[in-house]
Amino acid sequence: MRSIAAAAGVCPMTVSLALRNDRSVSAETCGRIQKLARTLGYRPDPMLTHLMQHLRASRTTKAGVNLAVLATLDAQFVRRLIDGATARAGRLGYALDRIDLRVFANKPAALTRALSARGIAGVLLGPSADPVDYSTLLDWKKFAVVAMTYSVFEPRVHRMVTHHYDNAVRTFALLEERGFRRIGLAMTSDMEFRANHSYTGAYYRAGGITHLQSAPILYLDRTTRRDIPAWFDRHRLQAVVVANANQVENFLVPALGNRRCAKIALACLDYEAETRIAGMDQRFEIIGGHAIDALVAQIHRNERGLPENPTIGMVEGHWTELHGLYPFRK
């Protein structure tokens, strides 16, 4: 670094900051020093880099809050995401503040000022009830950002989500291993974007390359109570997979009745402990923790703004079956 500093006519500290794209050094100077470093054959020591990141993360920050999660939806799975993120942030020496975006509706400048005033360097984007475009939500170049959902479709940012496709493939494969051949998938239409179309893709893939006889997907919010038994009987279903466990109590049981539900296997792609429906626990706490890791890594690298090449990290679900596949049997 001293050699680079001498060649660039700056001090070694400026070189260190420029190599990390620190905002205290102009973009022009960073570019010039980084180009010179490549010319001189500079390569960072990975062990030393790791140590410095550890030391920076261990320091007590001046601001009481330096990370934030921006959310509008108050649902159980969102709370699990935030709980996991909060716990992980605390272990890394950060505090995580939840900010309700409804307070800043159509006020991007106010939101940016509020985040900056709190010393927030990175933001997590929580799920929303509907697909949303946050392109004008705030001044993105000031913050590192990671989304914990597909429901924020713009801007394109790094994401940490559950592995919807793998979870669904494993669920259908498990049912087939248990001897079920005629399987139906029922879900609400909003799951199309929430799962990034992975559930439908996995369902049709299972029907195309296995012995499963799949029925047309039943969209519960587009049908009447009479449509559900007609769909069920027409395809003589042995098992039904729902996207969310509560859809059994809210849709299937009222339409089919307990007696008929007791004769079929039921599984869900989003397990909830309060229900008796077996399925995939999406590990929301772990997703929140990994989202914090990804966010803090950006901060350590002094990366701010929207990424040129967004990435998606996925967490595999865990099959959970406490009451078998026939929860309505006595």
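This tour moves through a predicted model, one selection at a time.

**The helix pair**

Begin by selecting helix α5, residues 76–91, together with helix α13, residues 284–300. Two packed helices are described by the angle between their axes and the distance between the axes. Here the axes come within 7 Å and cross at roughly 45 degrees. The crossing of α5 with α13 is right-handed.

Next, display the side chains where the two helices meet. On the α5 side, select Phe77, Arg80, Leu81, Gly84, Ala85, Arg88 and Ala89. Their partners in α13 are Phe284, Glu285, Ile287, Gly288, Gly289, Ile292 and Asp293. Sorted by class, this contact of α5 with α13 comprises seven nonpolar, three polar and four charged residues.

**The nonpolar cores**

Which residues have the most contacts inside the largest nonpolar core? Select Phe172 and Val240, which hold that place in a core of 52 residues. Then show the surroundings of Val240: leaving aside residues up to four places away in sequence, Val240 touches Gly184, Ala186, Trp231, Phe232, Leu252, Ile264, Ala265, Leu266 and Ala267. Another core, of 25 residues, lies apart from the largest one. To find this other core, select Leu73, Ala144, Phe284 and Ala291, which are among its members.

Is Thr200 buried or exposed? Its relative accessible area is 10%, and a residue under 20% counts as buried, so Thr200 is buried. Beyond residues up to four places away in sequence, Thr200 touches Met187, Glu192, Ile217 and Tyr219.

Select Glu154 and Pro155, which are joined by a cis peptide bond with omega of about -5 degrees. Pro155 belongs to the loop between β6 (152–154) and β7 (158–162).

Continue to Arg283, in the loop between β13 (278–281) and α13. Although Arg283 is not a glycine, its phi is positive, at about 55 degrees. Arg283 is partly exposed, with a relative accessible area of 27%.

Finally, select Asn302, in the loop between α13 and β14 (312–315). Asn302 is likewise a residue other than glycine with a positive phi, near 55 degrees. At 15% relative accessibility, Asn302 counts as buried.

Note on methods: Residues numbered from 1 in each chain as written. Predicted model: local features only at pLDDT ≥ 70, side-chain atom pairs only at ≥ 80, totals over all residues. Heavy atoms only, no water. Axes fitted to C-alpha atoms, helices over the stretch in contact; angles between N-to-C directions. Helix = DSSP H or I, 4+ residues; strand = E, 2+ residues; numbered from the N terminus. Left-handed = near helix turned anticlockwise from the far one by under 90°. Contact = heavy atoms within 4.5 Å. Nonpolar A, V, L, I, M, F, W, Y, C, P; charged D, E, K, R; others polar. Core = buried A, V, L, I, M, F, W, Y, C linked by side-chain atoms within 4.5 Å. Buried < 20%, exposed > 50% of the residue type's maximum accessible area, 1.4 Å probe, protein only.
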